[in-house]
Structure formats: C-alpha cells, structure tokens
Amino acid sequence: MNRHVLKIMCVLTALVIWIQVASSSLLTRDIDLPLDLIGLSGDVTLAGNSWPSDIRVRATGSEWHFFLNQFLGRSLGRVIVDLSDVGPDVLWQRDVTVNDVVSPLADVSIQPAVSLSLQTDRLVMRRMAVEIGLTGTLPDHRMILGGVIVEPDSVDVRGPSRLLAGLSGTLATAPLDLGRIRGRQTVVRGLVVPDRNVVLEPHEVRLTYDVSDAGRRIYENVPIVPLVDVGQPGADVFPPVASIEIRGPTEELDSMPMSAINLTVALTGLAAGAHTLAPDVLLPERFELVNMEPAQVLVIIGGNAARTGEGPP
C-alpha cells in the first residue's frame with residue numbers, strides 16, 4: 001500500500017477515535033448565552049431600558065459540543081424570555097430561570113442569578129415642525145431673497161410616549177452656514193435626532209435659498225399719510241414727511257420709485273388731541289427697513305391745525 005495513503009488513513013482513524021472520545025467525555029463550563037426578548041406587541045416598546053445581551057450559565061456537555069462552539073462558532077443555545085403577555089405602561093419584573101434556557105447542554109443553572117426590570121411604554125407617533133439650524137453670519141452685502149425654504153416643513157416622529165411628550169415643538173436641522181452660501185441652491189440637511197430611541201421619517205430635508213447682492217438707498221421726503229376712520233376728525237402729521245433708508249437686491253434697488261413706499265399712521269380708536277406715534281412702513285417684497293428719521297411723529301387729531309392746515313405753535 002502507498003505510504004501516503006497509509007498515513008492519511010491513520011490520521012482519519014485517529015480523528016474518528018478522538019471524536020468518539022470527545023463525544024463521550026463530559027465537561028462542566030461557564031458559558032454566555034444570548035438573551036432574546038420576544039413576543040412584545042407592536043404598540044409596546046422597551047426603548048429607554050437596558051438589559052444584558054448575554055446570560056452567564058453553568059452547564060454540562062460533551063467536549064465535542066464545546067469544541068464545535070469554540071472553533072466553528074456552533075451555538076450552544078439561547079435564553080428566550082417571552083413578553084407576549086406584557087402590556088404598555090407597566091413595570092415588568094422577574095428572574096431569569098433555567099426554564100428560559102434553550103440548549104442541548106444539561107444540568108443548566110444561572111450563574112449568577114439575573115433579575116430583569118423593564119418599564120414598558122406605548123409606541124406613538126406625532127408630527128413635528130422642522131426648524132432650520134443656522135450658524136455663521138450672512139455678510140451685509142448679501143441677502144436671502146424670501147428666506148430659506150425647507151421641504152418638507154414637518155416630519156413624523158415615532159418613539160416611546162414618555163420621550164415624545166418631553167420634546168419641544170420643533171426639530172432642528174444640521175447647521176446651515178450663512179457665511180458660505182451663494183446664489184440659488186438646494187442642499188440636503190439631516191435632522192438632529194433628539195434621542196437614540198426616536199425614529200424620524202424622513203430623517204433629512206431639503207433647504208432652498210436664493211442669495212443676492214444687497215445694497216442700501218436713502219429716500220428723502222417720503223409723505224406720511226394719516227389713516228382716519230369714517231366719522232373721525234381730520235388729522236395733521238408733524239413733520240409730514242420722513243427720510244428712510246432701505247436695503248434690498250442691488251439690481252432692483254436703483255429702479256424702485258418712491259411711490260412704492262408707504263408710510264402711514266393708524267388713528268383708529270384715538271381721541272381728538274395730540275399723539276406721538278411711530279409710522280408704519282410698508283415696503284415691496286424683498287426690501288427691508290434699515291432706518292427712519294424721525295422714528296416718531298406728532299399727530300394732531302381735530303383742533304385748529306387739522307381745520308386750517310397750520311402747524312403746531
């Protein structure tokens with residue numbers, strides 16, 4: 001017989017004998033078995049609790065069992081705890097027992113004893129508005145036309161009721177750096193997750209902005225118009241005009257006429273006499289007020305000034 005074949009047969013024979021011996025040799029060892037919590041209904045959650053991922057047990061088995069586990073990763077069993085009869089909003093407590101152990105090993109005992117204490121909660125969902133997280137500063141020579149638009153402006157938040165009850169009314173996006181934005185763009189930003197046990201759907205939003213070069217312009221002698229109710233005496237404004245400085249897109253600023261600016265003082269509910277009021281400023285869209293002089297005016301309702309058109313003495 002070929003010597004190499006003889007050697008192979010000897011090795012195989014030795015291996016068979018070792019397997020037979022290992023299968024009949026019993027050992028007692030401490031091992032860790034994975035813990036599975038099963039049966040929880042769909043509207044109940046254990047989020048916010050902590051429990052061991054493994055349970056240490058002492059068990060007896062053949063040397064072959066432990067060999068397969070150590071070198072080939074064969075499972076030696078699991079610890080399975082059934083929670084199908086557990087409802088929401090309860091404090092569930094009990095010890096892990098050998099009856100929970102599913103294993104081919106024998107003489108199993110829990111080493112050391114393990115007690116589970118779990119607070120269940122109801123799984124709920126609520127809709128929350130999205131708040132744009134901002135960082136940095138937009139340079140004075142630039143402006144965002146119409147503001148930053150977020151889509152969608154609200155998302156579904158799913159998690160334990162006790163966690164959702166403690167959340168504020170909005171979820172912030174990852175910061176948008178105002179110092180780095182240019183032109184018209186749409187960017188994607190993730191939402192800041194308030195707790196690891198909370199799930200967001202969707203978990204990111206789109207931010208759209210249109211950044212334009214901005215300038216300033218001063219308009220002199222803009223008329224101030226008193227708004228008088230029906231049946232109310234006439235009124236005079238002193239001074240009757242104001243100087244205002246506005247800010248807006250450079251390409252539109254030079255062509256905007258003074259007639260597009262409205263300065264008014266509302267006199268609803270005011271009695272006859274002298275009143276110091278701040279004029280209301282109405283500007284076209286995309287423009288903003290920087291300064292107005294004077295900031296307040298004297299309004300005289302009724303009296304000689306209103307009838308004759310003369311100014312105050």
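Leaving aside its neighbours within four places in sequence, which residues is Thr60 in contact with? In this predicted model, the residues that Thr60 contacts beyond those neighbours are Leu26, Leu27, Thr28, Leu105, Ala106 and Asp107.

**View 1. Strand β18 with strands β11 and β12.** Strand β18, formed by residues 204-227, pairs with strand β11 (residues 142-144) in the antiparallel sense over three bridges, and here Met143 stands opposite Ser212. Strand β12 (residues 149-151) is likewise paired with β18 in the antiparallel sense, over three bridges, and Thr208 in β18 is the bridge partner of Ile149.

**View 2. Strand β18 with strands β16 and β20.** Seven bridges link β18 to strand β16 (residues 184-190) in the antiparallel sense, with Val188 standing opposite Arg206 of β18. The pairing of β18 with strand β20 (residues 241-249) is antiparallel too and runs over eight bridges, and in this pairing Ile218 stands opposite Glu245 of β20.

**View 3. Strand β18 with strand β21.** Strand β21, made up of residues 262-266, pairs with β18 in the parallel sense over four bridges, and Pro226 can be found opposite Val265 of β21.

Terms used:
Residues numbered from 1 in each chain as written. Predicted model: local features only at pLDDT ≥ 70, side-chain atom pairs only at ≥ 80, totals over all residues. Heavy atoms only, no water. Contact = heavy atoms within 4.5 Å. Pairing = 2+ DSSP bridges. Helix = DSSP H or I, 4+ residues; strand = E, 2+ residues; numbered from the N terminus.
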